[in-house]
Amino acid sequence: MSDSACVPSSVTAVPVAKVAARHSALVRVTHWITTFCFLALLVSGVEIVISHPRFYWGETGNDLTPALFKLPIPASRNLVPTGYGYVLPDQNGWSRYLHFQAAWVVVFTGFLYLISGLLTKHFSKNLFPRGAEFSWREFSISIAKHLRFERPSDGEAWSYNLIQRLAYLLVIFVLFPLVIWTGLAMSPAFVSAFPATVNLLGGQQSARTLHFFVSCALLIFLLVHVVMVCVAGFKSRMRAMITGRADSPMERS
Amino acid sequence: MSEPSRIKLSRRKLITTGLAAAAGALGLGAAARIAQSYGLIPPDHGGIYGLGETLTYASQRLLTRHSLAREFLRSQISKPPFPNEIPPLNDAYKRLQAGGFADWRFSVNGMVAQPASFSLEQLKSFPSQSQITMLQCEEGWSYIAEWIGVPLSRILESVGIHPQARYVVYTSIDPDWWESIDMADAMHPQTFLAYGMNGGELPVGNGGPLRLRVPRQLGYKSVKFVTQLTVTDSLKKFGKGLGSASPEGGYAWYAGI
């Protein structure tokens, strides 16, 4: 009793130093491992595409067959008709090693995130839209706010808005599974054991083309995500994802 | 009061952490030994990409030991067949080409009961088989062709391989161009010594007169103009010990992906 009498009364009014983290440690760690792996996959993926910047549909495609579309870039192989008078250096060796290593790490990280997200109800609590929120009205309000690049309110520092939830769900449950599937469908050994993975996609070249499009979708997500972080407040959002601490309305006032 | 309890706690933590670390290290060591004895470690497992390579090779070897590469319909054969760029052919090749490849030899040595050397005629005297499979390049392009030849397993059975054999190393007429595969791929029913394509001879641009077709791996494992194969229990004494010329040039030894 005598101890508590010594404590200045003002201290009790201030919230305790230990506040719940904005993002759990597991979400923060898996977020940054995924970021690191995605950038590695992106750089190495671009390098691999440069060796044959032509895309096809169906089972086969090569320099002698018509392309579905071509990227207007030079290639790192001189047999590819690109229209450029020069050939870029071959970077496929390390790119392929890095691509598959990063893929393994991100798949393990994704599993860890999925399992913990189910166990801690992270998905149902934080990501799946709440009943009342999930309406066309709310959806159009959220879209309008985004188009005006409106800074989110203080309350939103502790939750996700509707479009944000839908975008994250799309990335986690649609784009990542698709990019893994289309990637595996290009592996001659993997499809020898599981031929349906490639047959369902319409062929090996279709799988490659789809892998490219899904990767583009993920890249667009990354760019929009970074822009949104800047709009919402780069420092506060980065701090929340690195240290777990977020601005609380109480601290601000 | 608080001081000793903190020490106790940290000591307990230290012991559990130590035990966990020791168990982890032992577990990893045991896993590595088991993986090694089941042939799940690729020769290029060293270096910063060793983890990814080992995971890929080990998982695919476990999943695909006996699986067959997809075969296609005759109507799906790519027309025209795609001849990829080939390096300049050396004088030895040109000499044999001038003689209609009559003197082409494919020799088999190493851990075999009877080392042998086969002419194309001798290879063709084995029952010929064909497969319509895809050749897929690591660059991204692909084509489907009918490959005609003799399964490598028939040749290996005819020379009698030693039980301790684990890999076969095969070389093009250009000695800088060599690869190796494990016994699962060497004995696989679709691994062919191909001398024909789409009903005719194997064109030079596609590796004629003789190419080792490994349809469950990317094109660069299907070495063109093969002249020699060595059966071995270890890849350490070949080149830089990384398994083949590919890892020496920065490419993965295992190309099932």
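Keep in mind that the model is predicted.

Let's start with the whole chain. Chain B holds seven helices and ten strands. How spread out is chain B? Its radius of gyration is 23 Å, well over the 18 Å that the globule rule gives for 257 residues, so chain B is more spread out than a compact globule. Along the principal axes, the C-alpha atoms of chain B fill roughly 95 × 40 × 30 Å. Of the 257 residues, 42% are buried. Now the contacts inside the chain. Take those between residues at least 6 apart in sequence: 67% of them join residues at least 24 apart.

Next, the sheet. Five strands of chain B form an open sheet in the order 2-1-10-5-6, and the pairing is mixed. Which strands stand at the edges? They are strand 2, residues 116–119, and strand 6, residues 178–182, of chain B. Each has a single partner strand, so one side of each is left without a neighbour in the sheet. From one strand to the next, the twist averages 20 degrees.

A quick reminder. Strands of a sheet pair through backbone hydrogen bonds, either parallel or antiparallel. Here is one pair. In chain B, strand 5 (167–172) and strand 10 (226–232) run antiparallel to each other, over six bridges. Look for B:Y170: its bridge partner in strand 10 is B:L229.

Now helix 5 of chain B, residues 152–159. Which of its residues are buried? They are B:L152, B:I155 and B:L156. These residues cover an arc of only 95 degrees around the axis, which puts them on the same side of helix 5 of chain B. An α-helix has 3.6 residues a turn, so residues three or four places apart point the same way.

What covers that buried side? The list includes strand 1 (105–110), strand 4 (142–151), helix 6 (183–186), strand 7 (192–197) and strand 9 (211–213) of chain B. Just after helix 5, B:G160 takes a positive phi of about 75 degrees.

Last, the partner chain. In all, 38 residues of chain B are in contact with 30 residues of chain A. Helix 2 (50–64), strand 3 (129–136) and strand 4 of chain B each give two or more residues to this side. Helix 2 of chain B gives the largest share, eight residues. By class, the side of chain B that touches chain A has 17 nonpolar, 15 polar and six charged residues.

Notes: Residues are numbered from 1 along each chain as its sequence is written. Chains are lettered from A and ligands numbered from 1 in the order in which they are written. This is a predicted model: local features need pLDDT of at least 70, side-chain atom pairs count only at pLDDT 80 or more; totals for chains, interfaces and linings use all residues. A residue is buried if 20 or more other C-beta atoms lie within 10 Å of its own, exposed if 12 or fewer, and partly exposed in between; C-beta atoms are placed from the backbone. Helices (H or I, at least four residues) and strands (E, at least two) are DSSP runs, numbered from the N terminus. The arc is that of the directions from the helix axis to the C-beta atoms. Two residues are in contact if their C-beta atoms, placed from the backbone, lie within 7 Å. Two strands pair if DSSP finds at least two bridges between them. Axes are lines fitted to C-alpha atoms, for helices over the stretch in contact, and angles run from 0 to 180 degrees between N-to-C directions. The radius of gyration is taken over C-alpha atoms; the globule rule is 2.2 Å times the number of residues to the power 0.38. Ala, Val, Leu, Ile, Met, Phe, Trp, Tyr, Cys and Pro count as nonpolar, Asp, Glu, Lys and Arg as charged, and the others, Gly among them, as polar.
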